[in-house]
Amino acid sequence: MTDSSPASAAPALAILLAGGTGTRAALGTPKQLALLGGKPVLRWSLDALAGHPSITSGVLVAHDDVVTAVGGLPDGWISAPPGRERQESVANALAGLADRRDDARVLVHDAARPGVSAAVIDRMLAALDTHDAAIPVLPVPDTLVEQRTELAGDVVDRNGLARVQTPQAFRLAILRRAHEDAQEGLATDGSATDDAQMVRRLGIDVAAVPGDARLHKLTYADDMAILTGLLGIDAMTRTAVGMGYDVHRLVPGKPLWIGGIEIAHSHGLEGHSDADVALHALTDAILGALADGDIGDHFPPSDPQWRGAASHRFLEFAARRVAERRGQIEHVDLTIIAEAPKIGPHRPAMRARIAEILAIPRERVSVKATTTERLGFTGRREGIAAQAAATLRLPEN
Ligand code: MG
């Protein structure tokens, strides 16, 4: 580069590619949003890049709904729409960086590699002190053979071969030129699967920098388990169980809300809110697992704004507290203790409604019911009680 200032003084930017639909991973959700240690795959890279002290801004290449689902953009970041292919996605990101200095350093990273560390970012940026482009590489430990049919072919000499990872590092001017040339059709051998190939077509040397096994790419469903091990995620999370218990009095002529649904009955539950005893117990169970007080702390009965409130708001609040801690609700189990009405016929609807409120699969919601054999206040139909347990997975911090 002709710039005379020290290379390390140039600003550093990031382009994070999260445009793919990730159908190969068969995870039932776009792979960039699959949860890894309770955090979307994409968020791992976004946090690592945006949190690195040298990287001042970046472009997230993703559809708007993905940007929303991942919790929005960090300060200084913008988004750009994904292209049909990787090359077009990077070009869209470059268009968003049109006003940046030519000597800026830019990292291009694939969100399907969540294990990007500060050390790797440092290595890639440092390589730009001596080169205009750099890629992280790892050796090929396995024997390689040719295969064009279902029969194995000749062994390929793996000496001199390397696996290429991301983030790849470039001077912004060089990356721009590579993409301009490609758009002008100067590159005739098809769409490049990475930017370093395009840069090499310009005749520019690309430094090979030691990569990192933790940059393992999420391609197949099994890769989630591999990444969990590589990133030490099991060691970074803990399981927390919380319990909740609630009672409300039955009174004639009131609507009866239990488990988020209204049940036709001669009596309803009395309380400050809609008195949904089941959702209150569940809310307390989740707050309990978070060690975050109880429902009365967050929604004091003395506060008139909660008079007649629909209790799904309390449960949604508890679920939000879990998400704010980057936790996951693994399971909830509810027991409703009532002599009447019969709960059994309403259990499927309650499960569905609770799963919807908590935004978790129905398989993670259990609703049970029991009577107390006509004993006690529930047996005398004076009230209804509910017990709940919530199991959460929380980051260790
Ligand atoms: Mg209550």
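Before I show you anything, one definition: when I say helix, I mean a DSSP run of H or I that is at least four residues long, and these runs are numbered from the N terminus. Please also keep in mind that what we are looking at is a predicted model.

With that in place, let me start at the end of helix 12, where the residue just after the helix, A359, takes a positive phi of about 55 degrees. A359 is a residue other than glycine, and it sits in the loop that runs between helix 12 and strand 18. Is A359 buried or exposed? Its relative accessible area is 67%, and because anything over 50% counts as exposed, A359 is exposed.

Now let us walk back into helix 12 itself, which covers residues 347–358. Which residues of helix 12 are buried? They are M350, I354, A355, I357 and L358. If you look down the axis of helix 12, these buried residues fall within an arc of 160 degrees, and therefore they line one face of the helix. On the face turned away from that buried side you will find the exposed residues P348 and E356.

What do the buried residues of helix 12 pack against? The partners are strand 14 (256–258), strand 15 (261–263), helix 9 (277–289), helix 11 (312–324), strand 17 (328–337) and strand 18 (365–370).

A291 is not a glycine, and yet it has a positive phi of about 50 degrees. With a relative accessibility of 71%, A291 counts as exposed.

Next, a pair of helices. In general, two packed helices are described by the angle between their axes and by the distance between the axes. Here the pair is helix 3, residues 86–96, and helix 5, residues 172–183, whose axes come within 11 Å and cross at roughly 125 degrees. That angle makes helix 3 oblique to helix 5, and the crossing is left-handed. On the side of helix 3, the contact is made by Q87, V90, A91 and L94, while helix 5 brings L172, L175, R176, H179, A182 and Q183.

I would also like to point out two cis peptide bonds. One joins T166 and P167, with omega at about 10 degrees, and P167 is found in the loop between strand 10 (162–164) and strand 11 (168–171). Another joins A340 and P341, with omega at about -5 degrees, and this P341 lies in the loop between strand 17 and helix 12, which brings us back to the helix we began with.

Finally, please find F377, which belongs to helix 13, residues 376–379. At 30% relative accessibility, F377 counts as partly exposed. Leaving aside residues up to four places away in sequence, F377 touches Y245, V247, E382, G383 and A385. How far is the C-alpha atom of F377 from that of A338? The two residues are 39 residues apart along the chain, and their C-alpha atoms are separated by 9.4 Å.

Terms used
Residues numbered from 1 in each chain as written. Predicted model: local features only at pLDDT ≥ 70, side-chain atom pairs only at ≥ 80, totals over all residues. Heavy atoms only, no water. Helix = DSSP H or I, 4+ residues; strand = E, 2+ residues; numbered from the N terminus. Expected span 1.5 Å × (residues − 1). Buried < 20%, exposed > 50% of the residue type's maximum accessible area, 1.4 Å probe, protein only. Arc of directions from axis to C-beta. Contact = heavy atoms within 4.5 Å. Axes fitted to C-alpha atoms, helices over the stretch in contact; angles between N-to-C directions. Parallel < 35°, antiparallel > 145°, perpendicular 65-115°, else oblique. Left-handed = near helix turned anticlockwise from the far one by under 90°.
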